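Okay, everyone, let me share my screen.

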Amino acid sequence: MIRALSVLAAAAVPLLGSAMLSARDSATPLSTTALQEIARVENEIERIEQESIDRLTSPPENQVQQIELLGKLLLFDKELSVNRNEACAFCHMPEAGFAGPVSEINRTTGSYPGSVRTRFSERIPQTHSYAPLSPVLHYDDLKDDLVGGNFWDMRATGRRLGNPAAEQAEGPPTNPVEMGLADFSCAVYRASSRPYRTLFERVWGPQAFEVAWPANTAAVCDSPGPPAADDPLPVHLTPADRGRAAATFDQMAQSIASYEASHEVSPFSSKYDAVQAGKAQFTALEQQGYDVFRGKAKCNLCHRDGGPGEEPMFTDYTASNIGTPANPDLPYYAEGKPDDRGYVANRSGAAFVDFGVGGFLADGHPLSQPSAVDARWKPLAPQNRGHFKVPTLRNVDKRPSADFVKAYGHNGYFKSLKQIVHFYNTRDVLPRCSARGTGEGTACWPAPETTDNLNKSKVGNLQLSNEEEDALVAFLQTLTDGFHPAERK
């Protein structure tokens, strides 16, 4: 059933420009088209980074704006990855709503390669837009549910730093299938020699990089993680220096979260917002879609558009199992054998099942745990198996061009808004079929990846007509930021 790499080119080619692969990464499953798009994205990252570096000659006087600039510089800095080829922004670019910016990857593998280009995650990137507005993960007695946090499995709880977005920023740097550093202090070490060091010290204090680095630090930080089990922190710092590096790493993450909260990333500038402000009007089709959204389709029950004391964030910050099928094109299924460095990312191989929030509560995340699990929540694991965080719908259709493919669902199974809306509408109406079988997505659906705690009250048989599905898509497109009322039609 699993054909993780069958849609990819059989022969690999080197990445272009700044994305050049080393010889030991030459087995990457990425196609020529994907590699070309990656090169384009990385060139754009370098352009944005250079514009931001240029601003350092005359930085803002306001401290909040200084922190935002610092966060942007960190987000677009590929030097913070093990092979110096992958910035955080590689998976979170503005033209795609600060989500996955490579159309060919979205169309094929769904998940993105890490700094070691042969390693892929099991999930697709989520948007950075509005992420800092998620509350700290907590248990709501009235809802009998967990609320808040970041990541698909809520594992960036925010309980330690008081900010889920900041804790989310601490996940990718040491995730072996993402930025791949062997030790979080490597991010601090690399940042200490970057052009923004002076601004960082101005904002957070001169002690930030006062760390006595061992002579072998560069070599350790050039070696991809994970570290050896008997040496989990391979940069051997004194306790005082380890504490200083940890504080600086937290401040790096808080800076990134501040940038994500800025008007540049989370501007509330969609047509929907303009309509609510009385500066624009929905078309008849968009209005019909909004009525369906709030009524027959039941979308508003989870993707909240506001209420007493609520901002219209189009999420209630809970988690749910909507029954998304497994995505057989995830390269992660093929990562069950040691790679050329002896690392096994997915010990379950083709049998892998992503249990989402329940998996995090029971066992933690195997590759990235930026926040500790509250032991008091472990009894909630069974009722959260298969649950994934309800994502915001803001910028759900933001894309650089009409032919750009976006992926939806935690594993990128869905390739268009129309497809996922049709799934919500017909999951329990259409017959079952095998993955990539005839009629899949229109006349039949594969079984859910897991039926544990399947949402049956709001998904599966909405009895929407094709026209109502199209109207709902039209409304969702009004949630794209960057609308200018003067341009309304």
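So, the link of C186 and C221 is left-handed, with -85 degrees about the S-S bond. This is a predicted model, by the way, so keep that in mind throughout. The sulfur atoms of C186 and C221 sit 2.2 Å apart. Where are the two ends? C186 is in helix α5, residues 184–191, and C221 is in helix α7, residues 217–221, so the bond ties together parts that are 35 residues apart in sequence.

How many disulfides does a search of the whole structure find? Two. The other pair is C433 and C444, with an S to S distance of 2.3 Å. The link of C433 and C444 is right-handed, with 85 degrees about the S-S bond. Both C433 and C444 lie in the loop between α13 (417–426) and α14 (466–476), so this pair ties together parts that are eleven residues apart in sequence. On accessibility, C433 comes out at 18%, which counts as buried, given that buried means under 20%. C444 has 5% and is buried as well.

If you count the bonded cysteines along the chain, the pattern is 1-2, 3-4. What about C88? C88 is in no disulfide, and the nearest cysteine sulfur, the one on C91, is 8.8 Å away. At 15% relative accessibility, C88 counts as buried. C91 is in no disulfide either, its nearest cysteine sulfur being that of C88. C91 is buried, with a relative accessible area of 16%.

Okay, zooming out. The protein has 14 helices and four strands. For 489 residues, a compact globule would have a radius of gyration near 23 Å, and the protein has 22 Å, so the two agree. Along the principal axes, the C-alpha trace spans about 65 × 50 × 45 Å. Of the 489 residues, 60% count as buried. As for contacts, take those between residues at least 6 apart in sequence: 70% of them join residues at least 24 apart.

The accessible surface is about 19700 Å², and carbon and sulfur atoms account for 54% of that. There are 48 positive and 60 negative charges, and their mean positions are 2 Å apart.

That's my part; over to you.

Notes
Residues are numbered from 1 along each chain as its sequence is written. This is a predicted model: local features need pLDDT of at least 70, side-chain atom pairs count only at pLDDT 80 or more; totals for chains, interfaces and linings use all residues. Side-chain values use heavy atoms; hydrogens and water are left out. Helices (H or I, at least four residues) and strands (E, at least two) are DSSP runs, numbered from the N terminus. The radius of gyration is taken over C-alpha atoms; the globule rule is 2.2 Å times the number of residues to the power 0.38. Buried means under 20% relative accessible area, exposed over 50%, partly exposed in between (1.4 Å probe, protein chains only). Contact means heavy atoms within 4.5 Å. Accessible areas come from the Shrake-Rupley method with a 1.4 Å probe; for residues, only the protein chains shown count as cover. Lys and Arg count as positive and Asp and Glu as negative; His and the chain ends are not counted. The place of a charge is taken as NZ of Lys, CZ of Arg, CG of Asp or CD of Glu. A disulfide is a pair of cysteine sulfur atoms within 2.5 Å.
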